[in-house]
Amino acid sequence: MNNIELIATSTFGLEAVVGEEVRELGYTDVRVENGKVTFRSDLSAIPRANLWLRSADRIRLKVGEFQARTFDELFEQTKKLPWSDWLPKNACFPVDGRSVKSTLFSVSDCQAIVKKAIVDHMQGTYNQSWFEEDGPLYRIEVALLKDVATLTIDTSGVALHKRGYRGLIGGAPLKETMAAALIRLSRWNPDTTLIDPFCGSGTIPIEAALIGQNVAPGMNREFASEHWPVIPKELWRQARMETHDLANYDRPLEIIGTDIDDEVLKVARLNAEEAMVNDAIHFQRMDVSQVRSSKKYGKIICNPPYGERLGEQQEIERMYQKMGDVFQALDTWSFYVLTSNENFERIIGKKASRKRKLFNGNLKVDYYQFFGPRPPRPNREGERRSGRVLSETAK
């Protein structure tokens, strides 16, 4: 178990962000591909990746990969894989599936064949004909792409965007993993003021506070693989101790979340309290047109309403025009806006420095990035005191 292959799945467009996070954890054998980041390590990477990766969707254990154009090939190759190295005889192992551009296009048939092949393998290992499946969960996936079958086990259980702090949500909230990625793409420095003028239930400010205080996003939740006998409990204990040792709860931050809805702000405050970062965020009722700051430099990161429903477009455009006025007033700040409106630059009267195509759920969106001037470098005494140098506003 000293050379396992893990897959951190990713939302389209965020693969490079996830890859950067994986490397920051110290893993070097990293491959960034469409929808996933693959890396190799030992068993300790399972708890560490689940606890620390902010932008990944799930962490999957790769059991095997092979070409399969017939059901017989799928069955025999699956049966050969080392399932009993991972699954105890009481394992609960449902099988999910997907197929893209492959000869074996019936997903339900592929799932049934993989399930039967694993059962046959387990029967040979444990010398029993029936398995109760009343033990730990090992959710298996058979993914076929261009006739290549990849067999994985989900180590996360509940998806990684479920941090555990957002019990109360409304509308169409931004996933925590997406919010964390938007912050990372902005190259926000925790020494810099951050404002979200459309904070809603508080996801962007909360994720920024977790990043700023180096709090592991999975610290307060459980994972399916915590109950796997093959992973020593000591590895999970060490990984969780690391999250507590590296957290800097006392680090001062200036993070502001505003919204025009008092009720949604109540939810945001409750969520921040649940995430234990309520002291790091100031929530306030305010229209976007009122957003101002005495700070010379800062970043606005937001996910404003898109106006997808019929009849909303004029109202949304007026709101975007207000944002344009704010941009002009804070002319040394940087702005990062996620929206599906393809005319956003024209409406606000400013061309983005960079634009990144992403998906918010199933909706195609763009992340508009408007870079402000680079802040001055701190003096050497300040660098020694803080242990870091302010990064440039945007790269």
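Select tyrosine 138 and tryptophan 228: both are buried (under 20% relative accessible area with a 1.4 Å probe and protein chains only; over 50% is exposed, in between partly exposed). The model is predicted, so local features need pLDDT of at least 70 and side-chain atom pairs pLDDT 80 or more, while totals for chains, interfaces and linings use all residues. Residues are numbered from 1 along each chain as its sequence is written, and side-chain values use heavy atoms, without hydrogens and water.

The rings of tyrosine 138 and tryptophan 228 are stacked, 4.6 Å centre to centre with 15° between the planes. Rings of Phe, Tyr and Trp (its six-membered ring) pair if their centres lie within 6.5 Å; planes under 30 degrees apart are stacked, over 60 edge-to-face, the rest tilted. Tyrosine 138 sits in the loop between α4 and β6 and tryptophan 228 in the loop between α6 and α7, so the pair ties together parts 90 residues apart in sequence. Helices (H or I, at least four residues) and strands (E, at least two) are DSSP runs, numbered from the N terminus.

Next, select phenylalanine 327 and phenylalanine 370, a tilted pair at 5.5 Å centre to centre and 55° between the planes. Phenylalanine 327 belongs to helix α9 and phenylalanine 370 to strand β14, so this pair joins parts 43 residues apart in sequence.

Finish on the open sheet of seven strands, ordered β2-β3-β1-β4-β7-β6-β5 with mixed pairing. Strands pair if DSSP finds at least two bridges between them. β2 (30-33) and β5 (95-100) are the edge strands.
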